Amino acid sequence: MRVGVLTGGGDCPGLNAVIRAIVRKGVKEYGYEFIGFKDGWKGPLEGLTIPLDVSTTRGLLPRGGTILGSSRTNPFKIEGGVEKIKANLAAQGVDALIAIGGEDTLGVATKLHSLGVNVVGVPKTIDNDLNNTDYTFGFDTAVNIAVEAIDRLHTTAESHHRTLIVEVMGRHAGWIALHAGLAGGATCILIPELPFSIEKVCAYVEARYQTNYAPIIVIAEGAVPQDGDMITKDATLDSFGHVKLSGIGEWLAQEIERRTGKEARTSVLGHIQRGGTPTAFDRVLATRFGLHAITAVHDGDFGKMVALHGTQIERVLLSTATEKLKVVDPALYAEAEIFFG
Ligand code: F6P
């Protein structure tokens, strides 16, 4: 059996740990051969490969990024894309493919499976918004990076009696903002799921100043004010139709200054949240996902994604991972709201 592996979409701490686990178990237990496809779906589309074996995957556990490279290539937007992928997999003697990715990469995997390609999916995204898994690896690392930033911002905010706004990633789901804001003691947390009232935010800011503490606001890049629109960097779309976000934090700082007369500044964490070494939690989750993904291949259980349910890794239909987004439950947000102001 020859198995192809690819990583697609935004990179994420833990990708290398998944690759390492897939290869280690596949070689040791099943005697499989592997081939890495470079840069997401671009690899099988253009026949771009790199060797994958136990020696090329040693030392990967703590390493961020992905040794396979990544891209947001959508083969369904390319003329003859599916046929090219099928031809390249056949040319490389690939019997099965493991796709490690988020909604876009796994959406492509789902369609390819329905067209006869043997695919198993592994859920990845720092945003934690993939359906049918409790957590994706990379999320814990991103939250910890954001919490460290918030801890640091508290002291400088207090020295200058300023409002500091931390803009974190999260296009449609506010998981990073919610967890980092709760763990970091934010004055308020703003998420894409619940359009926010600027009047309410300013009231929280004023209330925090009354207690002689400086406000810290955590806002997801996809958060929107009531009566407002999502703020984008520019109008260009990637091949999955996504715009580039960022700017809502700066907008909020200006609005708070204008309405309260108090200084406000914004820190945009951006790609820092995706870089560097994974936390121990993410290393373990990524490793377990990798081990279970290669076992699914061994069982011939294609069209499935490995998923975390409680403490168990289970297999779910690949199609269910992307049929809807896993967004923040308003009841969970309400728990955090007790600490606002
Ligand atoms: O998909 C994960 C994510 O981190 C989003 O939260 C964010 O909007 C996006 O990636 C940005 O990625 P890139 O800059 O690579 O397009």
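**Reading rings, sheets and a ligand**

A search of the whole structure finds 7 aromatic pairs. This is a predicted model, in which local features need pLDDT of at least 70 and side-chain atom pairs count only at pLDDT 80 or more, while totals for chains, interfaces and linings use all residues. Residues are numbered from 1 along each chain as its sequence is written, and side-chain values use heavy atoms, leaving out hydrogens and water.

Q: Why is the pair of tyrosine 135 and phenylalanine 281 called edge-to-face?
A: Rings of Phe, Tyr and Trp (its six-membered ring) pair if their centres lie within 6.5 Å; planes under 30 degrees apart count as stacked, over 60 as edge-to-face and the rest as tilted. Here the centres are 6.2 Å apart and the planes stand at 80°, so the pair is edge-to-face. Tyrosine 135 sits in the loop between strand 5 (119-123) and helix 5, and phenylalanine 281 in helix 9 (residues 280-298), 146 residues apart.

Q: What makes strand 6 and strand 8 a pair?
A: Strands are DSSP runs of E with at least two residues, helices are runs of H or I with at least four, and both are numbered from the N terminus. Two strands pair if DSSP finds at least two bridges between them. Strand 6 (residues 163-168) and strand 8 (residues 216-220) have 5 bridges, in the parallel sense. One example is valine 168, whose bridge partner in strand 8 is alanine 220.

Q: Why is one side of strand 7 and of strand 11 left without a neighbour in the sheet?
A: The open sheet of 4 strands has the order 7-8-6-11. Strand 7 (188-190) and strand 11 (264-268) stand at its edges with a single partner strand each, so one side of each has no neighbour there.

Q: How do you know which residues surround the ligand?
A: A residue is near a molecule or strand if one of its heavy atoms lies within 4 Å of it. The residues around the ligand are Arg72, Ile126, Asp127, Met169, Gly170, Arg171, Glu221, His271 and Arg274.
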